[in-house]
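Subject: Structure handover

Hello,

Here is the structure for your files. My notes on it follow below.

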Amino acid sequence: MFGQCKYFIFRPRYLIFAMLSPIEEKTISKNQYKMKKIAIIGAGNMGSAIAASLEGRGYRVVCTAATSATLEKLAESIPFASFSLSNAEAAEGADIVVLAVKPYIAPGVIEEIRGSLKDGAVIVSVIAALSIAELAESLSSPGKRVECFRVIPNTAIRYGKSVTFISHSPEADKGIVDEIESIFNLSGESFIIPEKDMGACTALASCGIAYFLRFIRAAAEGSVELGLRAGFATKIAVLTAEGAAALLKGGSHPEAEIDKVTTPGGITIRGLNALEDNGFTKAVIAALRASVK
């Protein structure tokens, strides 16, 4: 039944299937569909967060997922969007297509949507292992030109705190580059970088989320050993991390701020030395290096 539907929109407790005749499609395209269409292919955690950031921004958003149950849940959190089980139908006529699927299914999804892409479509891939050249080659089709972007957000995107890196080909249109950057600035802060730096940046900000969280967990565990309750210790560790980040937002160097809290013969310097005796800096650098292998 789903295969006969152009789009369908979920609402709590019931489904509305929009069966569009050619006349109805034409009417909609002249009115409601004047705004740009963005197709989010694979509206999981990352894709749905991107979609949510677009509310009220002048885009017509269509999201896809593998099951109707998933789409029904998405409709509750992003009710302004439309939904489809068909990647090809969602991508049809889209100005911007965001590929947010798992790497192992990416080849099949790309093959599925390739024939539906319009000439001049902008393809934004958040598939970590896929280069711009590989994406462009896999989407190549006679008589069609597509503009490819490689984008890596991190999981804080669902709270509007993502650090997002964007790479594009040297031939990319500046207006399109600015638009993609502005889209991802809606859910955090984005940076245009050369693609050669994507591995290092991903290690620092995407993998780095886990590394910072591991430090917070370790700090909380150590505090429990010192007699604090686990929940309270975690809250204090989080607030302390936020405060440390705030100290650096004005451009101060980390060591300058460390010096302000480190007095000769004091407890902080003893703790810092204990971190280094146990290989703290070496372990962080090793983790970053391992993340780009």
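Thr164 stands opposite Ser190 in strand E10. E10 covers residues 188-192 and pairs with E9 in the parallel sense over five bridges. Pairing here requires that DSSP finds at least two bridges between two strands. Helices (H or I, at least four residues) and strands (E, at least two) are DSSP runs, numbered from the N terminus.

A word on the source: this is a predicted model, where local features need pLDDT of at least 70, side-chain atom pairs count only at pLDDT 80 or more, and totals for chains, interfaces and linings use all residues. Residues are numbered from 1 along each chain as its sequence is written, and side-chain values use heavy atoms, with hydrogens and water left out.

Back to E9. Strand E8 (residues 147-152) pairs with E9 too, in the antiparallel sense over four bridges. There, Ile152 stands opposite Phe165. E9 spans residues 162-168, and five of its seven residues are buried, so the strand is largely enclosed by the rest of the structure. Buried means under 20% relative accessible area, exposed over 50%, and partly exposed in between (1.4 Å probe, protein chains only).

E9, helix H7 (residues 174-185) and E10 make a right-handed β-α-β unit. Right-handed means that, with the strands pointing away from the viewer, the path from the first strand over the helix to the second runs clockwise.

Phe191 is in E10. Phe191 is partly exposed, at 34% relative accessible area. Phe191 and Ile166 are 25 residues apart in sequence, with their C-alpha atoms 6.0 Å apart in space.

Now the aromatics. The structure holds two aromatic pairs. One of them is Phe215 with Phe280, edge-to-face, at 6.1 Å centre to centre and 70 degrees between the planes. Phe215 lies in helix H8 and Phe280 in helix H12 (residues 280-291), so this pair ties together parts that are 65 residues apart in sequence. Rings of Phe, Tyr and Trp (its six-membered ring) pair if their centres lie within 6.5 Å; planes under 30 degrees apart count as stacked, over 60 as edge-to-face, the rest as tilted.

H8 runs over residues 198-225.

Best wishes
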